[in-house]
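Dear colleague,

I am handing over the structure we spoke about, and below it I have set out what was found in it. Please read the notes alongside the coordinates.

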Amino acid sequence: MPDQSLPKARTPEATTGESEAIPAHEGISRRRLLGTAGATGIVLGTAGGAVGYAAAPSEAAAPLTSLGTDQAMFHGKHQPGITDGLQARGHLVAFDLAAGAGRKEAAALLRRWSDTARRLMAGEPSGHEDTDVARDAGPSSLTITFGFGHTFFARTGLEKQRPTALDPLPEFSSDHLDKNRSNGDLWVQIGANDALVAFHALRAIQKDAGRAAKVRWQMNGFNRSPGATSHPMTARNLMGQIDGTRNPKPAEADFDQRIFVPEKPEKGEPAWMANGSYAVVRRIRMLLDDWEKLSIRAQEDVIGRRKSDGAALSGGTETTAMDLEKTDAQGNLVVPINAHARITRPDQNGGAAMLRRPFSFHDGIDSDGVPDAGLLFVCWQADPLRGFVPVQRKLDRGDALSQFIRHESSGLFAVPGGAAEGEYVGQKLLEG
């Protein structure tokens with residue numbers, strides 16, 4: 001769980017002006033109803049613009065009555081669900097194409113999925129045979145993101161279009177991977193600030209798959225709800241630690257370079273990946289019984305930051321630069337040499353950085369009373385060989401946190417750029 005910063009989310013702007021008149025012959029969709037009610041907090045991105053920041057709380061806590069009106073845009077330069085703020089609920093699901101399904105069937109599926117995502121993100125019914133699960137809700141910051149796995153390209157006859165950056169991740173000594181819950185031809189990430197809205201989207205995507213694809217694995221996650229804290233703050237994980245302090249920020253000059261494939265991809269990168277990104281997905285189980293036996297001071301030494309406020313053990317506030325050379329009265333490093341926060345720093349990994357956008361998970365308690373809980377780790381980067389891989393290799397060699405976590409599943413997916421109006425996600429690949 002590399003320790004990187006959480007940028008602040010854009011504050012939703014209130015809508016102003018007179019209500020839009022609705023002709024008598026038109027039906028009233030949930031989206032139109034919300035608009036005519038003068039609801040506040042609708043977040044509208046422009047084409048090519050990011051909506052919010054990754055893993056960030058709002059600048060001002062939103063009233064509970066306005067949470068449903070927050071809206072992310074489906075069409076844009078990048079797909080939604082990458083730079084948007086963390087949502088309260090999430091689902092990750094991977095599909096494999098059905099036997100006999102190829103490029104034609106995959107194109108039809110992505111067209112269906114894109115249309116459904118566009119509708120649901122606008123707070124509208126999914127289309128035909130809508131389940132009505134989210135009938136009473138607004139968009140609720142719903143985002144739906146699509147990606148392609150390594151095996152997708154052979155199944156569709158598109159091997160020559162497979163990016164080299166999608167080569168399988170190397171093995172790590174800390175891996176205890178379940179192959180049945182790893183990888184997949186297609187990957188979908190769903191996030192929303194309402195549990196029913198998120199489930200509604202998951203069910204719609206599954207139904208849309210029809211006979212073209214079947215679910216390979218599916219995982220459910222959660223984060224703190226917007227407005228649950230007295231002031232905006234970086235999220236905490238299930239270990240109680242503030243998690244994500246050094247995430248790259250969109251305001252940084254090299255943010256796009258680190259996170260997104262360029263508009264004109266470099267040599268070896270296919271043109272269809274322009275403005276896209278690569279998602280590394282890992283189910284990381286936290287050994288909470290062992291972790292919670294440690295004293296607060298011991299936990300802080302493992303992470304390298306204070307548990308109370310996320311500040312580095314070298315002093316200051318959460319955002320104060322960590323002093324890696326500071327020692328105590330006995331000459332010992334204040335931030336231990338194997339502390340998680342020290343090891344994951346970009347300046348300790350040749351500048352390697354990734355945008356972390358995780359969900360916590362809890363899948364019950366086993367017969368021994370041990371919780372099956374941890375982190376659905378999702379990180380974004382322009383190239384995983386320059387982002388995730390060098391950091392994870394460093395962690396593999398001596399991270400103090402490694403004895404308290406277990407990597408149980410893994411996936412790497414190529415996530416193309418956003419779809420323009422009238423297009424579907426992946427169209428340049430499947431019809432190019």
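At what angle do helix α2 and helix α4 pack, and how far apart are their axes? Before the reply, please keep in mind that this is a predicted model. Helix α2, which covers residues 103-121, packs against helix α4, residues 195-209, at an angle of about 160 degrees, and their axes are 9 Å apart. Since angles over 145 degrees count as roughly antiparallel, α2 and α4 are therefore roughly antiparallel to each other, and the crossing in which α2 passes α4 is right-handed. On the α2 side the contact is made by Leu109, Arg112, Trp113, Thr116 and Leu120, which meet His200, Ala201, Ala204, Ile205, Asp208 and Ala209 of α4. The residues of this contact between α2 and α4 divide into 7 nonpolar, 2 polar and 2 charged.

Gln299 has a relative accessible area of 3%, and because buried means under 20%, Gln299 is buried. The side chain of Gln299 is joined to that of Lys307 by a polar contact of 2.7 Å. Leaving aside residues up to four places away in sequence, Gln299 touches Gln241, Trp291, Glu292, Leu294 and Lys307.

As for the chain as a whole, its secondary structure comes to 10 helices and 9 strands, and buried residues make up 53% of its 432 residues. Of the contacts between residues at least 6 apart in sequence, 80% join residues at least 24 apart.

With kind regards

Definitions and conventions:
Residues are numbered from 1 along each chain as its sequence is written. This is a predicted model: local features need pLDDT of at least 70, side-chain atom pairs count only at pLDDT 80 or more; totals for chains, interfaces and linings use all residues. Side-chain values use heavy atoms; hydrogens and water are left out. Axes are lines fitted to C-alpha atoms, for helices over the stretch in contact, and angles run from 0 to 180 degrees between N-to-C directions. Helices (H or I, at least four residues) and strands (E, at least two) are DSSP runs, numbered from the N terminus. Angles under 35 degrees count as roughly parallel, over 145 as roughly antiparallel, 65 to 115 as roughly perpendicular and the rest as oblique. A crossing is left-handed if the near helix is turned anticlockwise from the far one by less than a right angle, and right-handed if clockwise. Contact means heavy atoms within 4.5 Å. Ala, Val, Leu, Ile, Met, Phe, Trp, Tyr, Cys and Pro count as nonpolar, Asp, Glu, Lys and Arg as charged, and the others, Gly among them, as polar. Buried means under 20% relative accessible area, exposed over 50%, partly exposed in between (1.4 Å probe, protein chains only). A polar contact is a pair of N or O atoms within 3.5 Å; within protein, one must be able to donate a hydrogen and the other to accept it, and residues adjacent in sequence count only if both atoms are side-chain atoms.
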